[in-house]
Amino acid sequence: MPMYEYQVVPDEKGCETCRGGFQILQRMSDDALTHCPECGASIRRLLFPVGVATPKTDSELKNLGFTKLVKRDTGVYENVTRTGNESRYMEADKPHTVPDLKRKIRD
Ligand SMILES: [Zn+2]
């Protein structure tokens, strides 16, 4: 289910919840909410679901710190987002070819 973001309409006073905007999980087929569940002010749904937009290219993924492995053969994966001295190919039975995931995890 996608996450949608709502915000109070500009000419409504709203409450703390809807003034700053809030997010809610909804089915795509669900009707958009029209009123804030807290204060009843008119709200609008922002156009696009939040968090569904995924980076498309390998370099975008790389810049975000993701590791993408593409299967090339049985037990062989190409690390298309490799950085530094990571191995280009990860092979199932060679631990030193595994991407340096620990180094990439950060806040
Ligand atoms: Zn509200």
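**Close-up views of a predicted model**

**View 1. Q23 in strand β2.** With 13 C-beta neighbours inside 10 Å, Q23 counts as partly exposed. Q23 belongs to strand β2, which covers residues 22–25. E5 lies 18 residues away from Q23 in sequence. In space, the C-alpha atoms of Q23 and E5 are 4.3 Å apart. This model is predicted.

**View 2. The whole chain, for orientation.** The protein has 107 residues, and 10% of them are buried. Three helices and six strands make up its list of elements. Read from the N terminus, the order is β-α-β-β-α-β-β-β-α.

**View 3. The open sheet β2-β1-β3.** Three strands build this sheet, and their pairing is antiparallel. Strands β2 and β3 (43–45) are the edge strands, each pairing on one side only. From one strand to the next, the twist averages 35°. Three bridges hold the antiparallel pair of β1 and β3. Which residue of β3 stands opposite Q7? The residue is R44.

**View 4. The largest nonpolar core.** Six residues form this core: Y4, Y6, V8, C18, C36 and I43. Strand β1 (residues 3–8) gives the largest share, with three residues. In a regular strand, side chains alternate between the two faces of the sheet.

**View 5. The surroundings of V8.** V8 is one of the six residues of the largest nonpolar core. Which residues does V8 contact, once its neighbours within four places in sequence are left aside? The contacts are G14, C18, R19, C36, A41 and I43. Among them, C18, C36 and I43 are also listed in the core.

**View 6. The open sheet β4-β5-β6.** Here three strands lie in the order β4-β5-β6, with antiparallel pairing. Why is one side of β4 and of β6 (89–91) left without a neighbour in the sheet? These two strands stand at the edges with a single partner strand each, so one side of each has no neighbour there. The twist averages 35° from one strand to the next.

View 7. Strand β4 spans residues 69–73, and strand β5 spans residues 76–79. The two run antiparallel and are joined by four bridges. V70 has E78 in β5 as its bridge partner. K71 stands opposite Y77, also in β5. Between the strands of the hairpin there are two residues. In this hairpin, G75 takes a positive phi near 75°.

**View 8. N63 in helix α2.** Helix α2 runs over residues 58–63, and N63 is part of it. Is N63 buried or exposed? N63 is exposed, because 11 other C-beta atoms lie within 10 Å, and 12 or fewer is the cut-off for that class. T81 is 18 residues from N63 along the chain. The C-alpha atoms of N63 and T81 are separated by 8.7 Å.

Conventions. Residues are numbered from 1 along each chain as its sequence is written. This is a predicted model: local features need pLDDT of at least 70, side-chain atom pairs count only at pLDDT 80 or more; totals for chains, interfaces and linings use all residues. A nonpolar core is a set of buried Ala, Val, Leu, Ile, Met, Phe, Trp, Tyr and Cys residues joined through C-beta atoms within 7 Å. A residue is buried if 20 or more other C-beta atoms lie within 10 Å of its own, exposed if 12 or fewer, and partly exposed in between; C-beta atoms are placed from the backbone. Two residues are in contact if their C-beta atoms, placed from the backbone, lie within 7 Å. Two strands pair if DSSP finds at least two bridges between them. Axes are lines fitted to C-alpha atoms, for helices over the stretch in contact, and angles run from 0 to 180 degrees between N-to-C directions.
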